[in-house]
Amino acid sequence: MDQKLYTNHLEILKDELIMALGCTEPIAIAYAAAKARKLLGQMPEKCVVSCSGNIVKNVMGVTVPNSGGLKGIDVAAVLGIVGGDPDMDLAVLESVTKEDQEKTKELLNQKFCTCKLIEGVATLYIVVELRAGEHTALVEIQKTHKNITRMEKDGMSVLKKTEADEENGHKAGDKQLLTVKNILEFADKVKIEDVEEILNRQIECNMAICREGLEHPYGAEVGRILIDGNEKPTVGLKARAFAAAGSDARMNGCPMPVVINSGSGNQGITVSVPVIVYAKEKNIEKEKLLRGLVVSNLIAVHQKKYIGSLSAYCGVVSAACGAACGICYMLGYPYEVVCETITNTIATVGGMVCDGAKSSCAAKISTALQTALLGMKMGLHDRAFQPGEGLVEDDVEETIRSIGRMGRDGMQSTDLEILNIMLGN
């Protein structure tokens, strides 16, 4: 494999598969707030948080981890200010104590934090502004969850380009170079020592929160209900139940970390856990599992590069499709079956909408995985949706691009209407 592509794909994995504690939208707010608090150098008297509509949508219904069961933009920001550790990146709230929770509740009652919806900006956009006497601090995040694009102290910029690269975890990987074919080639050729640390972390963290969700009653208990009464669930049902249970826990305040994909913990769970479950059930060796996870993660990223981090397109569809492709790879299915799995999946549930992060994400994960596993089975029977049928194109790359265009451009008005409905407009 070309060394440039090898390095590129490896960098993408390293950039994407990072740790996050809780739903990444409220966590991004907490991260920005903690950064601003550190920059200010003292406890602020006032906080103003301005967010894009997609951030508002994804924070409204989800429990902020380590908050004592609270929800909301103001909760995430104040908790980040009071007890967050900005050096922990998207695990910023891991350091929160009971005393921090009580202080947060006190400040919320005092209307310490004001929240605003801001229009005409990137779909992922957050600005936190703090004031203490005559001193101010501002931190702005755009496009990805820890991509700091502005830091100001008393109105003066303190973020130079080299510092910005360091703050943002400068991305060397070019996602435009990804194709299904070269992803599979990379999975064949990658040196295991180059990926085992990040993938072992993904296995450990994501399976742990799924087990937590199966063992305890979080949210709507989608994962637990899926296998209720099934003494011998099929491998497919078990994969869906585990992944859904991880989302059950995560969306409802479980303070356990997840290794994310495409900026999302739910997508990180969905893209990895079914592959891990299949490997265990089918007695697949560890190295083959790791190579399968390379496929699943990169196929998901490949789809999301057209759609963007946040949109009205439910990202677990891309993740579930990636998971099915990782399973295909582990089981030795040919390139053609992988392509047909992708086509069958995204041509079926590619229109599932994102109406924010909340308990029903777990059910959407189950639905997307069920469709992806059906798409894989259809591929094994040499059955796939054909060019000209809806958004299906002549080859898999064109189909991915068309579905991505629909999710990015075609669903913009859907995204706005969802937000208006959620805000009661």
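In which strand does Leu117 lie? The views below, taken from a predicted model, begin with this residue.

View 1. Leu117 belongs to strand β3, which comprises residues 113-117. With a relative accessibility of 39%, Leu117 is classed as partly exposed, because that class lies between the limits of 20% and 50%.

**View 2. Strand β2 and its two partner strands.** Strand β2 spans residues 46-51, and five of its six residues are buried, so the strand is largely enclosed by the rest of the structure. Strand β4 (residues 125-132) pairs with β2 in the antiparallel sense, over six bridges. Within this pairing, Ser50 has Val127 of β4 as its bridge partner. Strands β2 and β3 run parallel and are joined by five bridges. Opposite Val49 stands Cys115 of β3.

**View 3. Cysteines without disulfides.** A disulfide is a covalent bond between the sulfur atoms of two cysteines. Across the whole structure, the search finds zero disulfides. For Cys23, the closest cysteine sulfur is that of Cys361, at 7.5 Å, which is too far for a bond; the cut-off applied to a pair of cysteine sulfur atoms is 2.5 Å. Cys23 is buried, its relative accessible area being 2%. Cys51 likewise takes part in no disulfide, and the nearest cysteine sulfur, belonging to Cys115, lies 6.9 Å away. Cys51 has a relative accessibility of 0% and therefore counts as buried, since burial is assigned under 20%.

**View 4. Helix α13 and the glycine that follows.** Helix α13 consists of 15 residues, numbered 316-330. From its first C-alpha to its last, α13 reaches 21 Å, close to the 21 Å expected at 1.5 Å a residue. How many residues of α13 are buried? The count is 15 of the 15, so α13 is largely enclosed by the rest of the structure. In an α-helix there are 3.6 residues a turn, so residues three or four places apart point the same way. After α13 comes Gly332, which has a positive phi near 80 degrees.

Methods: Residues are numbered from 1 along each chain as its sequence is written. This is a predicted model: local features need pLDDT of at least 70, side-chain atom pairs count only at pLDDT 80 or more; totals for chains, interfaces and linings use all residues. Side-chain values use heavy atoms; hydrogens and water are left out. Helices (H or I, at least four residues) and strands (E, at least two) are DSSP runs, numbered from the N terminus. Buried means under 20% relative accessible area, exposed over 50%, partly exposed in between (1.4 Å probe, protein chains only). Two strands pair if DSSP finds at least two bridges between them. The expected span of a helix is 1.5 Å times one less than its number of residues.
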